[in-house]
Amino acid sequence: MIKGIQTYPQMPEFESGIRRAPDRGFNLTKEQTEVALKNALRYIPSEFHEKLIPEFTEELKTFGRIYGYRYRPEGRLFGKPIDEYKGKCVEGKAFQVMIDNNLDFEVALYPYELVTYGETGQVFQNWMQYLLVKEYLEELTNEQTLVIASGHPLGVFPSRPDAPRVILTNGLMVGMYDNPADFHTATQLGVANYGQMTAGGWMYIGPQGIVHGTFNTILNAGRKMLGVAPNTDLKGFLFVTSGLGGMSGAQPKAGEIAGCVTVVAEVDKSRIETRQNQGWVQMCFDNVVEVFIHAAKAKTAGTATSIAYHGNIVDLLEYAAEHNIKIDLLSDQTSCHAVYDGGYCPVGITFEERTELLKTDRKKFCELVDETLKRHYMVIKRLAEKGSYFFDYGNSFLKSVFDAGVTEISKNGIDDKDGFIFPSYVEDIMGPELFDYGYGPFRWVCLSGNKSDLQKTDIAAMSCIDQNKRGQDRDNYIWIRDAEENSLVVGTQARILYQDAEGRKKIALKFNEMVRNGDVGPIMLGRDHHDVSGTDSPFRETANIKDGSNMMAEMAIHCFAGNAARGMSLVALHNGGGVGTSRSINGGFGLVLDGSKEKDEIIESAMMWDVMGGVARRAWARNPNAISTVKEYNENYAGVSQITLPYVAE
Ligand SMILES: NC(=O)c1ccc[n+]([C@@H]2O[C@H](COP(=O)([O-])OP(=O)(O)OC[C@H]3O[C@@H](n4cnc5c(N)ncnc54)[C@H](O)[C@@H]3O)[C@@H](O)[C@H]2O)c1
């Protein structure tokens, strides 16, 4: 039995220099406010309610949320070595490592507000949930499953050793309420959490997770759109984008690894400093002219470099358009999934003024956002006419422009059902070149915290890759070969490596064997949701599904249920990851490798299912590369498994 929260602790000190989330907006009625307060107080014994009511009311009205700051443990949280956690099963301890890593000052975007990345992606809704979940995980046995709804632990229930230890969901709404306004109400009431992808799914591994995906995207964009040869890099090309936040911060590093000159606009100086300190950004200027002088020099010299522009992306692009500066690859990674919640800074005001305006005049803020989106679109159009290849980077940018009133951005000129006149990176690049073959963001965390474990796993993973199989395998081999040298670790000792179904299975089995032999400590396997199967997201992961089924969310649900049935240690299903609530359903998993034979069996079935379910859907949508992948699979697994193939009508 867990005791739950029994105390009324001192309000912890807020350390200076730690970024704080902006006000999310409070608009509850008097009755709803009472419900929100009662909801938060459910976690705390009645004797403390009187003292907490004014405090929680103040939090709700000031921040639009009750975070329960008082219940945050003092100081820095971080993913410690697994042996330092209490627990009755390895999974219970492993998930504590993952949760604490997601809330680390060095990793999380707004750690005090439990936001890991993507402006609004929270691990839990409040600190009471954190404390309770932690206690449950300390007591969890391998005969139980912990069930979590939007951060709230419903409880542990009798289960089996080969069932998931944790089943969690975030922000799933009933269809008629599945819209941003109702979601906003639900978050204020304390009943919905926006888990993004790996924030609420406890699988974030710092910006490294996206460096590999971004590297793959820009490299393949160069190959497909700029005529870059398969065995060379992007030397001498210019990539311009925006955002140096949680995920977007990966762009300059990925650009550097891909060999190009990367210019990134960022309005928040503190985020530029974070990336500079990390060595992921080489230079920073407040002045557009200087930015492009240095970019031109590096381009001519063929040097891979990264330059931050401290300012608004619209100013940067308008200057480039007016001065005929040739941008080869162009994108954007501001938090457009939450444009009206502070994710996108209007042009003409500073980042600090944006935070103030959000608090004082939300209506005005929203008007400025819409105006900026329109200007942003216009300048992209001009640059595209001059030869830039623009792609939406999965942040809902095109959809936000459409929602701001720019109908001409939609392909059919009426609605967004047929997509937009600019491609999403999945439509042109990630979908056909990676997802349709089954390549996706396989990742692992060495739970011992030992760097040497990560080194050993890097070498082991490298030995599993056949470089001659496909170009993608060669890219992946180079990625993992150079991973350590590229200093990608922020937080726990983790690695990402894009792999197809067979690759993921092979590496997972190898790792489990290494754990069994005592070569390394336990390992957490997972992925983000930016993948083949786990996510139904019409403007992102499923943007290259063209049989009309991208309005359906069945693949993500099948993936989640299938992973649960096959015994993944954790299964997660969320609303809105990456693109914003009601725009996607996305799921993930975690599998703790303890070296047991049982885990080998789970790998054999679950790892293949986790990928091939999505390849099956892609093949049925008549995607040629998915069809060829399925044909190969059907031959290799004849008598064991079979995927339905379409007759393709011309
Ligand atoms: N492509 C992918 O694979 C992928 C993966 C995860 C997330 N995303 C999406 O990408 C977006 C960014 O994610 P994140 O985690 O980096 O979010 P973030 O909020 O941490 O970072 C976004 C950054 O953009 C900056 N910014 C906002 N408006 C700006 C403007 N007008 N000009 C210049 N800078 C501006 C912000 O200051 C912030 O630092 C989100 O919408 C997220 O959902 C994409």
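Me: What classes of residue make up the shell around the ligand?

Reply: The shell holds twelve nonpolar, 17 polar and four charged residues. Ala, Val, Leu, Ile, Met, Phe, Trp, Tyr, Cys and Pro count as nonpolar, Asp, Glu, Lys and Arg as charged, and the others, Gly among them, as polar. This is a predicted model: local features need pLDDT of at least 70, side-chain atom pairs count only at pLDDT 80 or more, and totals for chains, interfaces and linings use all residues. Residues are numbered from 1 along each chain as its sequence is written.

Me: Which residues come nearest to the ligand?

Reply: Of the 33 residues around the ligand, these are Gly 245, Gly 246, Ser 248, Gly 394 and Asn 395. A residue is near a molecule or strand if its C-beta atom, placed from the backbone, lies within 6 Å of it. α6 and β7 are the elements that give two or more residues to this shell.

Me: What makes α6 mostly covered?

Reply: A residue is buried if 20 or more other C-beta atoms, placed from the backbone, lie within 10 Å of its own, exposed if 12 or fewer, and partly exposed in between. In α6, 15 of the 18 residues are buried. Just after this helix, Gly 227 has a positive phi of about 75°.

Me: Why is strand β12 called largely enclosed?

Reply: Seven of the seven residues of β12 (440-446) are buried, so the rest of the structure largely encloses this strand.

Me: What makes β13 and β14 partners of β12?

Reply: Two strands pair if DSSP finds at least two bridges between them. Six bridges join β12 to β13 (494-499), running antiparallel, and five join β12 to β14 (523-527), also antiparallel. Gly 440 stands opposite Gln 499 in β13, while Trp 444 has Leu 525 in β14 as its bridge partner.

Me: Why are β8 and β11 placed at the edges of their sheet?

Reply: Six strands form an open sheet with parallel pairing, in the order β8-β9-β7-β6-β10-β11. β8 (283-285) and β11 (389-390) each have a single partner strand, so one side of each is left without a neighbour in the sheet.

Key: Helices (H or I, at least four residues) and strands (E, at least two) are DSSP runs, numbered from the N terminus.
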